[in-house]
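Please read the briefing below beside the sequence and the model.

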Amino acid sequence: MVRTNIEMSSRIRVRAADATDVPALVAIDAIAAAGDEARARSIRRWLDQGSVSVAEDPSGILGYGVLEYTFFEQGFVTMVTVSPGARRRGVAVR
């Protein structure tokens, strides 16, 4: 049986990130994973501000997004990152 993107994405859940997610977020962020400490610090700062949501399925975290209100007090998506293995599965549209 061939699964469509819609069927696969229906198992994806979005939730607020917490401090225990830092290693997974750093691992799926290509820049942070390459050793960029500034990006890793940004991830921790966004988490401390409560600005990060993660998309996950039973296999774990697939991606994350950062929504901040620093642009004239309007919601602004600062970052969207999806792990390479989860791309084209509807993760970022959640």
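Two strands are taken to pair if DSSP finds at least two bridges between them, and the strands themselves (E, at least two residues), like the helices (H or I, at least four residues), are DSSP runs numbered from the N terminus. By that criterion, strand 3 and strand 4 pair in the antiparallel sense over 7 bridges. This is a predicted model, in which local features need pLDDT of at least 70 and side-chain atom pairs count only at pLDDT 80 or more, whereas totals for chains, interfaces and linings use all residues. Residues are numbered from 1 along each chain as its sequence is written, and side-chain values use heavy atoms, with hydrogens and water left out.

**Overall architecture**

- The secondary structure of the chain comes to 4 helices and 4 strands, which follow the pattern α-β-α-α-α-β-β-β when read along the sequence.
- Of the 94 residues of the chain, 38% count as buried, where buried means under 20% relative accessible area, exposed means over 50%, and partly exposed lies in between (1.4 Å probe, protein chains only).
- With contact defined as heavy atoms within 4.5 Å, 48% of the contacts between residues at least 6 apart in sequence join residues at least 24 apart.
- The accessible surface of the chain, computed by the Shrake-Rupley method with a 1.4 Å probe and, for residues, with only the protein chains shown counting as cover, comes to about 6,100 Å², of which 56% belongs to carbon and sulfur atoms.

**The sheet and its packing**

- The 4 strands form an open sheet in the order 1-2-3-4, and the pairing is antiparallel.
- Strand 1 (13-16) and strand 4 stand at the edges with a single partner strand each, so one side of each is left without a neighbour in the sheet.
- Neighbouring strands of this sheet are turned by 25 degrees against each other on average, direction ignored, the axes being lines fitted to C-alpha atoms (for helices over the stretch in contact) and angles running from 0 to 180 degrees between N-to-C directions.
- Strand 2 and strand 3 run antiparallel and are joined by 6 bridges, and Glu56 has Ile61 in strand 3 as its bridge partner.
- Helix 4 packs on the sheet, where it touches strand 2, strand 3 and strand 4, and its direction makes about 75 degrees with that of strand 3.
- Strand 1 and strand 2 pair in the antiparallel sense over 4 bridges, and the partner of Arg15 in strand 2 is Val54.
- Because 5 of its 6 residues are buried, strand 2 is largely enclosed by the rest of the structure.

- A hairpin joins strand 2 to strand 3 through 2 residues, and Asp57 has Gly60 as its bridge partner in strand 3.
- The hairpin of strand 3 and strand 4 has 2 residues between the strands, and Phe72 in this hairpin takes a positive phi near 50 degrees; Gly63 has Val82 in strand 4 as its bridge partner.
- Ser51 lies in the loop between helix 4 (37-48) and strand 2 (52-57), and it counts as buried because its relative accessibility is 11%.
- Leaving aside neighbours within four places in sequence, Ser51 is in contact with Trp46, Gly65, Val66, Leu67 and Glu68.

- Leu67, Tyr69, Val77 and Val80 make a nonpolar surface patch of about 400 Å².
- Patches are made of residues with over 30% relative accessible area and no salt bridge, with like charges joined within 9 Å and nonpolar side chains (Val, Leu, Ile, Met, Phe, Trp, Tyr) within 5 Å; a salt bridge is a side-chain nitrogen of Lys or Arg within 4 Å of a carboxyl oxygen of Asp or Glu.
- Strand 3 (60-71) and strand 4 (74-82) each supply at least two residues of this patch, and Val80 lies in strand 4.
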